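Please look over the model shown here. The report below goes from the whole chain to single residues.

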Amino acid sequence: MGACNIFEVSSQLLFSQLLLGLINGAFYAMLSLGLAVIFGMLNVINFTHGAQYMMGAFAAWLMLTELDIPFWAALVLSPIVVGLFGIVLERLLLKRIYHLDHLYGFLLTFGLALMIEGLFQWRWGSSGAPYPSPIPGGTNLGFMFLPTYRGFVVVAALVICLATWFAIERTKLGAYLRAATENPTLVRAFGINVPRLITLTYGLGVGLAAMAGVLAAPIQQVSALMGTNLVLVVFAVVVIGGMGSIMGSIVTGFGLGIVEGFTKVCYPPASNTVIFVVMALVLLIKPAGLFGQTK
């Protein structure tokens, strides 16, 4: 099992770290997908995304501990609750800055993220709270042990990401969404309520972040600051994939998760910075990102 050595480490360690990287990549993909949807359709850099990811995990944890609502119900309910919260934010605050420079959206959402995280930290503290795994056990594959829930997370994230891509790129509703960002006047002529469409788009992006948070809850400790560092990595993923590119976010999210896992095996000190190094190299070669289009 550990006889085969790759880069002077056992194959079991290598595949375990690649699995961990793939799981992180699943979260990167879902979060960057939500960011790409919001930026591509609303033209807003949503720095509140990490806080909304944390809110999804907290919502699932509170449902379990306070209301005895199981994980599978929370996986549906939490994104809806947090998505509705996002819709309220969009209606009250974000809609007022769509016509302004990107900097205003960044500053507003950055401030909102600090407020949300501060409130959760004040109420529940900074220490993490455990969430029991909804699918215990695992499978011995011979070369590594695969926990069943972690395998489920990778598959579920891939299905959710591809379903979102299909809805936006291959359906009539998705066509209306894309058209509303390019020519809202024309879309209104078809009887479409553009402001409502934009609001629902923001709610979808926030819901994706919250769903990623629910999936992460049994793997990570649920804490008020769980999205703080993650959001910086996710922004790097979005930049590498191409701002607003749906497929770019999916491919880059999973790919960079694997690169990060592989780096932890080959040279652990670089694992926390490798994604930002890749971002710098990509921006030097293709400033619009791997899947972005130069305007």
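Predicted model: local features only at pLDDT ≥ 70, side-chain atom pairs only at ≥ 80, totals over all residues.

## Surface and charge

Charged side chains come next. The protein chain carries 13 positive and 9 negative side chains. The centres of these two sets are 12 Å apart.

## Overall fold

The protein chain contains 11 helices and 4 strands. Its radius of gyration is 19 Å, close to the 19 Å from the globule rule for 295 residues, so the chain is as compact as a globular protein of that length. Along the principal axes, the C-alpha trace spans about 65 × 50 × 35 Å.

Of the 295 residues in the protein chain, 47% are buried.

## Helix α1

Helix α1 covers residues 11-42, which is 32 residues. From first C-alpha to last, α1 reaches 45 Å. That is close to the 46 Å expected at 1.5 Å a residue.

How much of α1 is covered? Most of it: 24 of the 32 residues in α1 are buried. Asn 43 follows the helix, and its phi is positive, near 65°.

## Ala 57 in helix α2

Ala 57 sits in helix α2, residues 49-67. Is Ala 57 buried or exposed? Its relative accessibility is 0%, and buried means under 20%, so Ala 57 counts as buried.

Beyond neighbours within four places in sequence, Ala 57 is in contact with Ala 210, Gly 213, Val 214, Ala 217, Val 222 and Met 226. Two of these partners, Ala 210 and Gly 213, fall within the residue range of α8 (194-216). Ile 275 is a separate case: it lies 218 residues from Ala 57 along the chain, and their C-alpha atoms are separated by 24 Å.

## Ser 223 in a loop

Where is Ser 223? Ser 223 is in the loop between α8 (194-216) and α9 (228-241). With a relative accessible area of 12%, against a cut-off of under 20%, Ser 223 is therefore buried.

Leaving out residues up to four places away in sequence, Ser 223 touches Met 54, Phe 58, Ser 126, Ser 127 and Gly 128. Met 54 and Phe 58 are among these partners, and both numbers fall within the range of α2, residues 49-67.

Methods
Residues numbered from 1 in each chain as written. Heavy atoms only, no water. Helix = DSSP H or I, 4+ residues; strand = E, 2+ residues; numbered from the N terminus. Buried < 20%, exposed > 50% of the residue type's maximum accessible area, 1.4 Å probe, protein only. Contact = heavy atoms within 4.5 Å. Rg over C-alpha atoms; globule rule 2.2 N^0.38 Å. Lys, Arg positive; Asp, Glu negative; His and termini not counted. Charge placed at Lys NZ, Arg CZ, Asp CG, Glu CD. Expected span 1.5 Å × (residues − 1).
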